[in-house]
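Got your viewer open and a selection tool ready? Let's take a walk through this model, one stop at a time.

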Amino acid sequence: MSNIQAFPESIGNFIKSLPPEICREPEMYVIDGKVPLSAFRPLHIDQISQIIQFANQYNFAVSPQGSRTALTFGRKLERYDIALDTSGISKLVEYTPEDLTVTIESGATLHDLQAILSEHRQYLPADPNPSDVVTIGGLLATARSGAWRGNVPSTRDLILGMTVVMADGSIATSGGRVVKNVSGFDMHRLHTGALGSLGIISSASFKVLPIPERNVSLILHCSDIKEAGDLAFILRNSVLPIRGLTILDSKTSFKLGFSYAPKVLVEYVGIEVSIHRSIQDTEEIMRRFGEINQLEDSQIWAEIRSLANEKKEQIVLRCGVQANNIVEVIKLAELTSAICTWANLTSGSVRVIFEDINVVSLSKFRSQVEGLGGFMQVETAPGNIREVFDPFGDIETDLVRSLKYRFDPSGILNPGRWMVGV
Amino acid sequence: MIDCNSMENNQLTALIFDLTKKIKRSKILDAPEDLLVYEYDTSIDRALPDIVILPTTVEEVSHAVTVAAQYDIPVIPRGSGTGFAGGALPVKGGILIVLTAMNKIREIDAENRLAIVEPGVINLHLHEALEPYNLIYAPDPSSQRICTIGGNVGTNSGGPHTLAYGSTVNHILGMEVVLPGGRIVWLGGRQLDTPGMDLRGVFVGSEGTLGIVTAICVSLIPVNETVRTMLAIFDSIDAASSAVSAVIRSGVIPMAMEMMDQETIKVVEPRVRAGYPIDAGAVLLIEVEGLSEVVEHNSAVVVKACNELGAREVRIAESSLERESLWEGRKSAIGALGQTAPAIYLLDGVVPRTKLPEILNKVLLASHKAGFKCANMFHAGDGNLHPTVLFDPLESGATDRVLELGGEIMKLCVDAGGSITGEHGIGLEKRSYMEWVFTESDLAAMEKIRFSFDPVGNFNPCKILPTGHGCAQGHMQITDQQFSIPGVYV
Ligand SMILES: Cc1cc2nc3c(=O)[nH]c(=O)nc-3n(C[C@H](O)[C@H](O)[C@H](O)COP(=O)(O)OP(=O)(O)OC[C@H]3O[C@@H](n4cnc5c(N)ncnc54)[C@H](O)[C@@H]3O)c2cc1C
């Protein structure tokens, strides 16, 4: 438990010791209805370290937050005393375009990073929901990905190193800034997807890629979901330069302004000749299926990404199954009254949105997906659901407990996000 | 922990008795002449295990690990022993678990693009098995004819095609692991991004310190439509290494970009007849893949970039036979070098690609100063150097001087903002260099990972981290104390 008694004095004194510009209004940082005792927006990594040291000393629970787009991912926090806004830590540390490597602080947004890289016609191929507003720290801590996952290298594939403020305030780095490196334990992989529960990511290094010269998005009309699945399989098995490949169920298609029927959405990237060839080959394939339209721009992908964060109260799931079970999961989601379902065939990931669903139906849906050899994870849900329904399902717990115990013995970093006490 | 090399005979008998409760006696080796075979890997050191086990099932592995825990003795996983860093050496004795008999490809699921293999499957055997499906498993270390996939997971192996596809970790969906203590778990699964922390990601490359891999689910990718292999011939290593950056600058990332210097060509060509011009200063072996239209375009870009940097000629392999022979030269280079000197010492370091010309010159200078010949054949596209020092271990003091030179070269990489290993791992060999790259608190954090998996510290002791686990500090000291006989090196 937080040492509430000690709070007023200890935190009061602590705040006095900090430059005033880094102290924020706690009301701006509500999570699941809870206002923290205090909030900080440090401007330097050493300040993060100072705040964490303080929190550790007085056993205050800290929740790091960047763009605040994924704070309901995971279980409800057991304790929440200090909000740590990382958006002030956003400097570019190093960028060598010729080496295809970049190091940036974690509070920079993906948008900031892409803007820097695009000056040299490079980018980090990441397309998380809801959009490029996510901070680099948030992108990593949640390991979110979208339609590109599996088709082109992702954040998980391109992360080269990381600096983290540990729960005792010490600063630890792993990996490096070169494109190939196996020195020491890859701690950066552990923090990627750890939901800020093992340390505060303060900067990260990536390998980046050239921006493809051209891209084109095609929407392929299908008569039913099975046909959409078959079509997506044919495309995935082709040699065409796919970056995005998504199956939309009828409702999602309709919501995005198309007809009420399943679609396959594909994006090809490359040089002019490869785009030309890709369109030709797809037209050839579509003779056996239905209509094909070339979209004017790639806006549709951004619209899909934002679906998951459209409404605060909605429930967003990510299911993972093998490619040959994707259609089955989409059908199950429809039967369970999902309002939107779309899937990335290459990564085997299906996103499902419910407006209203009870825990019994949620459990049933999970066991159906697990029956297909897959998993179902809750990415966003109101607190009352996450209180009673485990967002993660059947995961390895002993090792996670063991890691948490060693990385954060007092349990001050996002306590409870993974499981009771973790 | 018991230092097993001092294990009493009666203790050994009891240990074998307990092991045979679930493991056939024929799979347990303890005769001195059998143990000798497992005394070395491809590094410079040697160390004898107390017992070797050749399991064929996960239950046997788990039993051996459980028994080892009861006896408080070290456990060391080993594949083919082709590792260069001494990762598979039982420096504190104990049970060496050799996984080469777990060598079945259990499943190839072409529809879902994955395969499940046992850890002892030889990398090349999986590549061959996938041919009928028109699929590949991307990691292709130059040692693929002999190394195991379990070993590749252990070291997070790279290879020529890492430039485009990344290291082993990017191709592992999940794996079954026997943890220290004997519990069997799956980390990751049959899909990407399974829920929970990415224990899979942190396990790959942990060099046998966190557990033993007993099954691996790998992801597969389709064979590209067209491949073109080119040989760019340069008069100097400087021009060749500048061309590497020029190619990347042009916006094309080839599948592979490998360099061989004059010293290497001189040795390889007469033996392999790969078609490398014997008088060249350096050659670049460059491969582009993709749609035929793209390959056409990208190879033109590559040729132009090389020509602008003064390539004498850029040859394009006209047939698959010619292509294979160009690669054969590269893949046999280490073996060929091994035949020219009593011993070779192969280093593994990384520098930012743009610093290649500068660092290569410094490497050659340092070797020259130390009085050794040094050949270079390496993954140039990734800036991953493999300076290979030729020497005679029987010459007094030579081994020490070679190790010293190795350290000097690693320091050059570190000072250039690079790394002390790109693919071979830290193992035993580079533990003492870890402090050049990482601070005390970095290492303390890494130790937390290790202890989270192995609180007792009996799994592959004395590897990766420079301190702790009751080991002597660093490589040189261990060498002095325990390995007075110089080894067989490649
Ligand atoms: C000629 C030659 C060329 C080479 N080229 C390359 C190259 O291009 N790229 C590259 O990356 N490497 C290369 N290597 C190095 C070596 O082949 C790799 O490191 C390889 O991955 C080792 O595989 P192995 O089966 O021999 O493993 P070993 O050497 O037996 O073991 C390596 C490490 O992995 C651990 N380990 C082994 N099996 C398991 C298991 N089942 N579970 C957990 N841990 C395990 C061991 O404890 C040890 O730490 C080359 C080596 C040679 C001799």
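What follows is a tour of a predicted model, moving from the chains to their domains and then to the ligand.

**Stop 1: the two chains together**

Colour chain A and chain B separately and look at where they touch. Chain B brings 80 residues to the contact and chain A brings 68. Together they bury about 6100 Å², with 59% of that on carbon and sulfur atoms.

Now select the chain B side of this contact. Its residues split into 33 nonpolar, 30 polar and 17 charged. Which helix of chain B gives the most to this side? Pick out α16(B), which supplies ten residues; in the numbering of chain B, α16 covers 440-453. Other elements of chain B that each supply at least two residues include α8 (237-249), α10 (292-308) and the strand β9 (184-188).

For an example, zoom in on R156(A) and D193(B), whose side chains meet in a salt bridge at 2.7 Å, N to O. The two chains also share 28 residue pairs in polar contact.

**Stop 2: inside chain A**

Chain A is divided into four pieces to colour: domain 1 (8-87), domain 2 (92-210), domain 3 (214-304) and domain 4 (310-397).

Keep domain 1 and domain 4 of chain A on screen. Their centres, taken over C-alpha atoms, are 31 Å apart. Seven residues from domain 1 and ten from domain 4 make the contact. About 750 Å² is buried between these two domains, 51% of it on carbon and sulfur atoms.

Which residues of domain 1 lose the most area to domain 4? Select T72(A), F73(A) and K76(A): together they account for 62% of what the domain 1 side buries. K76(A) forms a salt bridge with E387(A), with the closest N and O atoms 3.0 Å apart. On the domain 1 side, the residues are two nonpolar, two polar and three charged.

**Stop 3: inside chain B**

Chain B has its own four domains: domain 1 (4-100), domain 2 (105-222), domain 3 (226-335) and domain 4 (341-490).

Select domain 1 and domain 2 of chain B. The distance between their centres, over C-alpha atoms, is 23 Å. The buried area is about 1200 Å², and carbon and sulfur atoms give 71% of it.

How many salt bridges cross this interface? The count is zero, while two residue pairs are in polar contact.

**Stop 4: the ligand**

Then go to E207(B), where a polar backbone atom lies 3.1 Å from a ligand oxygen. End at N460(B), which places a polar side-chain atom 3.4 Å from an oxygen atom of the ligand.

Conventions
Residues are numbered from 1 along each chain as its sequence is written. Chains are lettered from A and ligands numbered from 1 in the order in which they are written. This is a predicted model: local features need pLDDT of at least 70, side-chain atom pairs count only at pLDDT 80 or more; totals for chains, interfaces and linings use all residues. Side-chain values use heavy atoms; hydrogens and water are left out. Domain bounds come from an automatic or database domain assignment. Buried area is the accessible area (1.4 Å probe) that two parts lose on being put together, summed over both. A salt bridge is a side-chain nitrogen of Lys or Arg within 4 Å of a carboxyl oxygen of Asp or Glu. A polar contact is a pair of N or O atoms within 3.5 Å; within protein, one must be able to donate a hydrogen and the other to accept it, and residues adjacent in sequence count only if both atoms are side-chain atoms. Contact means heavy atoms within 4.5 Å. Helices (H or I, at least four residues) and strands (E, at least two) are DSSP runs, numbered from the N terminus. Ala, Val, Leu, Ile, Met, Phe, Trp, Tyr, Cys and Pro count as nonpolar, Asp, Glu, Lys and Arg as charged, and the others, Gly among them, as polar.
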